[in-house]
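Have the structure up while you read.

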Amino acid sequence: MHSATVIDAISRIREKADAFLVAELSRRGVTGLVPSHGSILAALYRYGPLPMGRLARLIRRKKNTVTTLVRKLEAAGYVACRKDPADSRVTLVAPTATAEAFRKEFEAISRLLLDRVWGAMPEAERRALMAGLETLEANLD
């Protein structure tokens with residue numbers, strides 16, 4: 001593979017992963033969610049309610065992008081937003097009962113995707129790939 005195609009390869013992998021997720025959500029009858037919501041739900045499942053700014057930092061996205069995604073999740077009933085009682089300038093994002101009911105399916109879909117992505121790749125190659133991708137990301141900072 002020519003090194004100049006690395007960005008194209010990453011893009012194609014992302015497109016295929018997103019297509020897999022869309023198909024799996026559809027197959028399960030899940031509505032109101034798209035692949036870009038996954039990192040937000042994962043963070044909320046892991047940490048519970050979060051300030052919008054911290055959520056953006058955790059998932060490494062711009063705050064305005066996260067705000068847009070959160071509004072869509074809120075409209076679909078997966079998150080609730082409220083002002084932080086300690087600081088009214090801060091918006092807290094929390095998973096709703098709908099999100100909690102979806103948690104097991106979320107985890108199952110995530111496992112299916114990872115199993116598909118990694119396939120039979122040996123652990124040493126997985127670690128090497130992740131190290132390389134982290135270097136690529138750091139090079140762009």
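Helices here are DSSP runs (H or I, at least four residues), numbered from the N terminus. Keep in mind that this is a predicted model, where local features need pLDDT of at least 70 and side-chain atom pairs count only at pLDDT 80 or more, while totals for chains, interfaces and linings use all residues. Residues are numbered from 1 along each chain as its sequence is written, and side-chain values use heavy atoms, leaving out hydrogens and water.

**Salt bridges**

A salt bridge means a side-chain nitrogen of Lys or Arg within 4 Å of a carboxyl oxygen of Asp or Glu. On that rule, the model has eight salt bridges.

| Pair | Closest N and O atoms |
|---|---|
| D87 and R89 | 2.9 Å |
| E100 and R103 | 3.0 Å |

Take E100 and R103: they sit three residues apart in helix α5 (residues 97-118), so about one helical turn separates them.

R28 and E24 also belong to a salt-bridge network that links E24, R27, R28 and E105.

**Buried or out in the open?**

For accessibility, buried is under 20% relative accessible area, exposed is over 50%, and partly exposed is in between (1.4 Å probe, protein chains only). R89 is exposed at 70%, and D87 comes out partly exposed at 23%. As for the helix α5 pair, E100 is partly exposed at 36% and R103 is partly exposed at 25%.

Terms used: Helix = DSSP H or I, 4+ residues; strand = E, 2+ residues; numbered from the N terminus.
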